[in-house]
Amino acid sequence: MTTVPAAAPPCLDRPAFEDLRDAVGAAALAVLLGRFAAQLRGWSLAADPPALAAEAHGVVASSGLIGFAPLSRLCAALERACTEGSPEEVRDLAARVADEKERVEAEIARLLAGPGAA
């Protein structure tokens, strides 16, 4: 019997995203998405643990605000691992964050390209 891998949960919490859009408006949300995309593009996950923890801390807040909850949770775990965890744990979490970051970047591009740009 072949097992089908479970699909990854959505990277965007749609209700949270829509609440933010309702609160700030579509134009302001497009600006926030653009700034967040730039923050992600400029983030090297190959940094040393203190720098990685600082960057992860910033992404926790930004991603949580916009509705990218899985990325926010992974970055919080990465931040903790950088200060309290083993090098192996940091590497594992950095790889998981990199994968989720890629999904989020694709979702941001889709949102910005869509009708009404977000």
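**From fold to surface**

Read from the N terminus, the elements of the protein follow the order α-α-α-α-α, with 5 helices and 0 strands in total; helices here are DSSP runs of H or I with at least four residues, strands are runs of E with at least two, and both are numbered from the N terminus. This is a predicted model, in which local features need pLDDT of at least 70 and side-chain atom pairs count only at pLDDT 80 or more, while totals for chains, interfaces and linings use all residues. Residues are numbered from 1 along each chain as its sequence is written, and side-chain values use heavy atoms, with hydrogens and water left out.

The C-alpha trace spans about 45 × 45 × 20 Å along its principal axes. Of the 118 residues, 33% are buried, that is, under 20% relative accessible area with a 1.4 Å probe and protein chains only. Among contacts (heavy atoms within 4.5 Å) with a separation of 6 or more, 65% join residues 24 or more positions apart.

Helix α5, residues 87-113, has 27 residues and reaches 38 Å from its first C-alpha to its last, close to the 39 Å expected at 1.5 Å a residue, where the expected span is 1.5 Å times one less than the number of residues. Its buried residues include Val90, Leu93, Val97, Val104, Ile108 and Leu111, together with Glu100, Lys101 and Glu107, and their cover includes α1 (14-24), α2 (26-41), α3 (49-66) and α4 (69-84).

The protein exposes about 6,700 Å², of which carbon and sulfur atoms supply 59%, by the Shrake-Rupley method with a 1.4 Å probe.

Technical notes:
Buried < 20%, exposed > 50% of the residue type's maximum accessible area, 1.4 Å probe, protein only.
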